Amino acid sequence: MRQSLVVPDSVTVRSARQFAGILSAEYDTERDLDLDLSALNEVDLAFVEILYAARDQWTRAGRDLRLTHPAGGAVVRLLERAGFLTDLTPQDLEFWFHGELPQ
């Protein structure tokens with residue numbers, strides 16, 4: 001069974017604890033999770049760190065954490081600025097962009 005979660009419009013170091021808590025509660029439901037980033041406008045590296053940790057946690061539990069749509073907008077700009085797009089693993093490419101880099 002899958003659960004869907006709309007990510008808040010802002011996930012930064014100021015709201016990281018709250019967002020991590022939301023993901024933790026979702027993890028405790030023992031379901032796969034789809035994250036909808038469509039409302040996300042403000043983001044910093046705290047968001048990326050939380051998602052990398054969550055992905056690892058879900059994977060180790062044999063569960064799936066994915067994005068409903070390829071990352072765009074603020075997330076792509078952040079990943080680009082932080083250097084995450086220069087050497088993507090196949091798993092990262094699939095997670096963030098569903099297999100295709102944005103143009």
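Rings of Phe, Tyr and Trp (its six-membered ring) pair up here if their centres lie within 6.5 Å; planes under 30 degrees apart count as stacked, over 60 as edge-to-face and the rest as tilted. By this rule the count comes to six aromatic pairs. Keep in mind that this is a predicted model, where local features need pLDDT of at least 70 and side-chain atom pairs count only at pLDDT 80 or more, while totals for chains, interfaces and linings use all residues. Residues are numbered from 1 along each chain as its sequence is written, and side-chain values use heavy atoms, with hydrogens and water left out.

**Aromatic pairs**
- The rings of Phe19 and Phe47 sit 5.8 Å apart, centre to centre, with their planes at 35°, so this pair is tilted.
- Phe19 belongs to helix H1 (residues 16–28) and Phe47 to helix H2, so the pair ties together parts 28 residues apart in sequence. Helices here are DSSP runs (H or I, at least four residues), as are strands (E, at least two), numbered from the N terminus.
- Phe19 is buried at 2% relative accessible area, and Phe47 is buried at 0%. Buried means under 20%, exposed over 50%, and partly exposed in between (1.4 Å probe, protein chains only).
- Phe95 and Trp96 make an edge-to-face pair, at 4.9 Å between centres and 80° between planes; both are buried.

**Cluster and charge**
- One aromatic cluster takes in Phe19, Phe47, Tyr52, Phe84, Phe95 and Trp96.
- Arg63 lies over the face of Tyr27, 4.3 Å from the ring centre (the cut-offs: NZ of Lys or CZ of Arg within 6 Å of the ring centre and within 35 degrees of the ring normal).
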